[in-house]
Amino acid sequence: MKIIIVGCGKVGRTITEQLSKENHDVTVIDKDNTVIHDVTNNYDVMGVVGDGVSYSVLKEAGVDDADLLIAVTTSDELNLLCCLFAKKAGNCSTIARVRNPVYSKEAEFIKEELGLSMIINPEYAAATEISRIMRFPSAIEIDTFAKGQVELMKFIIADGSMLHDMSIVQLSKKLKSEILVCTIERNGEVIIPNGSVILQKGDILSIIASPTQARDFFKEIGVETHQVKNTIIVGGGTIAYYLAKQLIKMGISVKIIEQDRSRCELLSELLPEAIIINGDATNQDILYEEGITHTESFVSLTGIDEGNIFLSLFAQQASEANAKIITKINRISFDEIINNFHLGSLIYPKFITAEYILQYVRAMQNSVGSNVETLYRIIEGKVEALEFHVDLVSDITDIPLEQLPLKKNILIACINRNGQTIMPNGSSTIQVGDRVIVITTENGLRNIENIIK
């Protein structure tokens, strides 16, 4: 596909990297010549220096025959204008990043009136991911499928856990809960396990189940399943605003510490139910004064990655309540070093955005009758979890799974049929109307038929 990306900031660059890896014909537009030079040197893409709302710049980038334009500059208004001009100039599909809470309330209206294919809001998506983790703090990460009816949850096997030295087969027999272990991360390796694999303490498991089944499983293995009652959020930006709104609805007490006084005043107006503290969270006395030792969760959302890391490390050390720690990372890419810090749950807004866009692009490419409905890149992008909606009879429908010639490292993790969650076995079949969740180390699956050789 021919794709134009306007804006080469953190989000634009991440999307460029992912789409170029999937062999799309990508052209990037940015006003900064140095940025364009850097991006075109690092990725197999074309670059145009200029303003994405300029008709001549769009023409130079090839808007006449482009399939998709993605506008992810720092300005919502510019993004919407880029999409509007591209729609008129080339009649391509368009995606705009729109972050302002004022616009977010009218996102559907804007999308319909301007003829946009999608509006993405990285800050809102990040806040939603954090709120899911707050609901189930024993998990490091929670991704949802089938409109929330199926969850993919990641957690660490702790010291003393009954799962240590247990095989996957034993786990299925001993525990009543119907869950499926999809992946195991061990010493930097990723395993898509079979029944004989022995679990060990320190393993990071990804399991798939319905929310009820997941809760039952964690209760059986003696892991806390209740949502947190309160939280301290450091940083009062857009993510903090969206997050606080969601947490207050969940009945969680919210305290936000923000250094900028005028921002504090605005947040006090927007979030009357939250406690807003004007102060510098790098001052340990303020954190102690605001109850860091007893808070049940701590979220570092400042604009500086290094600051978020140090704040989370301090919260971990100061907490007497074994607080759930959540750390936002925007720029730093030293994954192995960051993982060694054990910072709890890591949130990468730029990757969340890239997932939404990849999902849409693959659905655009597909005409076989089983669109990618949901896509998550997990374990530092080494594994993809995809949800396909099966619309038509094909080579994989109504055939027992044990008879399908599946590619290597493909796991059919779950089938959701008419709202019922099915953990498939060899005799299970895929039927028209099913939502099928596939876990794979193979990148680029566009339709359900790609799972067979």
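Let's start with Lys 21, an exposed residue with a relative accessible area of 54%. Keep in mind that you're looking at a predicted model.

**Exercise 1. Find the salt-bridge partner of Lys 21, and work out how the two residues sit along their helix.**

Step 1: Side chains of opposite charge can pair when their charged atoms come close. So look around Lys 21 for a carboxyl oxygen within 4 Å of the side-chain nitrogen.

Step 2: You'll land on Glu 17, with the closest N and O atoms 3.4 Å apart.

Step 3: Now check the helix. Both residues belong to helix 1 (residues 10-21), and because they are 4 residues apart there, about one helical turn separates them.

**Exercise 2. Which residues are joined to Arg 362 in one salt-bridge network?**

Step 1: Begin with Glu 22. Its side chain meets that of Arg 362 in a salt bridge, at 2.4 Å from N to O. This pair links distant parts of the chain: Arg 362 is in helix 15 (residues 349-365), while Glu 22 is in the loop between helix 1 and strand 2 (25-30), 340 residues apart. Both partners are buried.

Step 2: Arg 362 also forms a salt bridge with Glu 384, where the closest N and O atoms are 2.7 Å apart. Again distant parts of the chain are linked, since Glu 384 is in strand 19 (residues 383-389), 22 residues from Arg 362 in helix 15.

Step 3: Check the burial. Arg 362 has a relative accessible area of 0%, so this residue is buried. Glu 384 counts as buried too, at 0% relative accessibility.

Step 4: Salt bridges with shared partners join Glu 22, Arg 362, Arg 377 and Glu 384 into one network.

**Exercise 3. Where do Lys 147 and Asn 322 lie, and what are their phi angles near?**

Step 1: Lys 147 has a phi near 55°, a positive value in a residue other than glycine. You'll find Lys 147 in the loop between strand 7 (141-145) and strand 8, exposed with a relative accessible area of 77%.

Step 2: For Asn 322, phi is near 50°, again positive in a non-glycine residue. Asn 322 lies in the loop between helix 13 (305-318) and strand 16 (324-328), and is exposed with a relative accessible area of 71%.

**Exercise 4. Is Val 150 buried or exposed, and how far is Val 150 from Asn 416 in sequence and in space?**

Step 1: Locate Val 150 in strand 8 (residues 150-156). At 0% relative accessibility, Val 150 counts as buried.

Step 2: Along the sequence, Val 150 and Asn 416 are 266 residues apart, yet C-alpha to C-alpha they are 7.9 Å apart in space.

Step 3: Val 190, in strand 10 (residues 189-191), is 189 residues from Ile 379 in sequence and 8.0 Å away in space, C-alpha to C-alpha. Val 190 is partly exposed, with a relative accessible area of 24%.

**Exercise 5. Which residues form a negative surface patch with Asp 44?**

Step 1: Find Asp 44 in the loop between helix 2 (33-42) and strand 3 (46-49). Its relative accessible area is 72%, so Asp 44 is exposed.

Step 2: Complete the patch: Asp 25, Asp 65 and Asp 67 form it together with Asp 44.

Definitions and conventions:
Residues are numbered from 1 along each chain as its sequence is written. This is a predicted model: local features need pLDDT of at least 70, side-chain atom pairs count only at pLDDT 80 or more; totals for chains, interfaces and linings use all residues. Side-chain values use heavy atoms; hydrogens and water are left out. Patches are made of residues with over 30% relative accessible area and no salt bridge: like charges are joined within 9 Å, nonpolar side chains (Val, Leu, Ile, Met, Phe, Trp, Tyr) within 5 Å. Accessible areas come from the Shrake-Rupley method with a 1.4 Å probe; for residues, only the protein chains shown count as cover. Lys and Arg count as positive and Asp and Glu as negative; His and the chain ends are not counted. The place of a charge is taken as NZ of Lys, CZ of Arg, CG of Asp or CD of Glu. Buried means under 20% relative accessible area, exposed over 50%, partly exposed in between (1.4 Å probe, protein chains only).
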